[in-house]
Amino acid sequence: MSNLKKYFSSTKRIIPTIYSVTTILIILFSFLFNFTLIQLLAAILFFAILDFLLILFIGKNRNDELITIKNVIEKIRTNSFQSADEIKLGNDLKELEDEIKSMFLRTQNDITNLKRLEQVRTEFLGNVSHELRTPIFAIQGYIETLLDGAINDENVNKSFLQKADQHTINLNNLLNDLINISMMESGQMLMSFRYFNVHEFLEGIIHELRPNAAKKNLELNLVQFEHKLQLYGDKQRLRQVMINLIQNAIKYTETGAVEVGVMENEKTGKVFVRDTGIGISGADVDRIFERFYRVDKDRSREMGGTGLGLAIVKHIVEAHGSKIEVVSTSGKGSEFSFHLKK
């Protein structure tokens with residue numbers, strides 16, 4: 001606190017300054033009035049008494065100010081102030097008061113952030129525990145049933161093993177997503193940015209995911225655009241984004257089609273995934289990118305969703321200096337999009 005340092009520094013300089021001024025005055029008067037020895041001693045005594053009273057007065061004021069500063073700092077330490085406006089040091093210490101108020105506001109902001117982070121951490125740990133418990137308990141239940149005799153029942157043994165296997169896949173997906181989002185949020189995930197042919201990139205992903213759409217009698221189409229268009233980004237991470245968005249579109253679309261494409265602008269390309277699915281309500285749109293938030297919790301878990309996919313999408317897109325945008329109407333479909341530099 002620079003102003004507090006100035007305050008104590010000025011206090012230390014007051015007494016030497018008074019003595020210096022007094023000495024100069026005595027010498028000046030002795031030359032002007034040609035003091036005798038007795039007059040000189042009287043002048044010295046007079047100024048000494050004057051200096052003593054002046055120092056006593058200044059000392060009292062400084063002591064009162066120090067007590068006020070100490071009380072204010074103690075109240076800040078014990079969280080006795082509700083707002084910065086309650087901090088008062090007086091007109092003589094206005095600069096110091098402003099700096100202490102600024103310190104108070106920074107401290108309050110830090111405390112608020114720490115409380116928020118603690119709440120987020122607690123919620124995250126609770127969600128992780130719940131999400132891990134679900135597949136583990138399911139696997140445990142199937143294995144126990146098989147060990148209790150179902151292993152010999154040809155009508156159910158293979159089905160139970162397949163279900164247990166699917167839950168291990170879900171568990172592995174969850175752990176991979178947890179590792180990914182942890183690395184992203186801690187800044188440890190390396191990104192490799194370069195220009196790539198976006199048409200070839202999307203065409204490959206659609207070819208890979210088209211069988212998933214065909215299982216639900218859905219069309220998965222690439223909306224045509226300039227075949228030679230080059231966009232700038234981390235191709236591997238963007239592949240993760242597109243697979244997540246397209247798979248979500250397929251999951252939540254029962255009839256119609258899923259369309260993927262790029263709308264070219266002057267400086268960017270707007271990459272979009274559009275579906276004719278169930279859509280997202282206005283209340284959910286603002287929260288779908290939160291970790292473990294699900295619009296339809298039971299259905300998402302049945303379909304193998306980890307609840308982290310869109311949170312990862314958000315991190316990757318923002319790492320590209322862009323923002324994931326959502327336009328959705330409940331019952332009519334959704335469009336997810338983001339921009340990449342040309």
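In which kind of crossing, left-handed or right-handed, does H5 pass H6? I found that the crossing of H5 past H6 is right-handed, a crossing being left-handed if the near helix is turned anticlockwise from the far one by less than a right angle, and right-handed if clockwise.

Before going further I noted that this is a predicted model, in which local features need pLDDT of at least 70 and side-chain atom pairs count only at pLDDT 80 or more, while totals for chains, interfaces and linings use all residues. Residues are numbered from 1 along each chain as its sequence is written, and side-chain values use heavy atoms, with hydrogens and water left out.

**The helix pair.** I looked up H5 (residues 198–214) and H6 (residues 235–251), and their axes lie 10 Å apart at an angle of about 30°. H5 is therefore roughly parallel to H6, a label for angles under 35 degrees, with over 145 as roughly antiparallel, 65 to 115 as roughly perpendicular and the rest as oblique. Among the residues that meet across the pair I noted Phe201, Leu202 and Ile205 from H5, and Leu238, Met242 and Ile246 from H6; contact means heavy atoms within 4.5 Å.

**Thr253.** I then followed the loop between H6 and strand S4 (257–264), where Thr253 lies. Thr253 is buried, with a relative accessible area of 0%, where buried means under 20%, exposed over 50% and partly exposed in between, with a 1.4 Å probe and protein chains only. A polar atom of its side chain lies 2.6 Å from the backbone oxygen of Ala249, and the backbone nitrogen of Gly277 lies 3.5 Å from a polar atom of the Thr253 side chain. Leaving out residues up to four places away in sequence, Thr253 touches Lys216, Leu218, Val258, Asp275, Thr276 and Gly277.

**Arg194.** Arg194 is exposed, at a relative accessible area of 52%, yet it touches Leu231, Tyr232 and Gly233, not counting residues up to four places away in sequence. The C-alpha atoms of Arg194 and Tyr232 are separated by 5.3 Å, although the two residues are 38 residues apart along the chain.

**Helix H4.** Last, I checked H4 (residues 157–185), which has 29 residues and reaches 42 Å from its first C-alpha to its last, close to the 42 Å expected at 1.5 Å a residue. Its buried residues include Phe160, Leu171, Leu174 and Leu178. Just after H4, I noted that Gly187 takes a positive phi of about 75°.

How values were computed: Helices (H or I, at least four residues) and strands (E, at least two) are DSSP runs, numbered from the N terminus. The expected span of a helix is 1.5 Å times one less than its number of residues. Axes are lines fitted to C-alpha atoms, for helices over the stretch in contact, and angles run from 0 to 180 degrees between N-to-C directions. A polar contact is a pair of N or O atoms within 3.5 Å; within protein, one must be able to donate a hydrogen and the other to accept it, and residues adjacent in sequence count only if both atoms are side-chain atoms.
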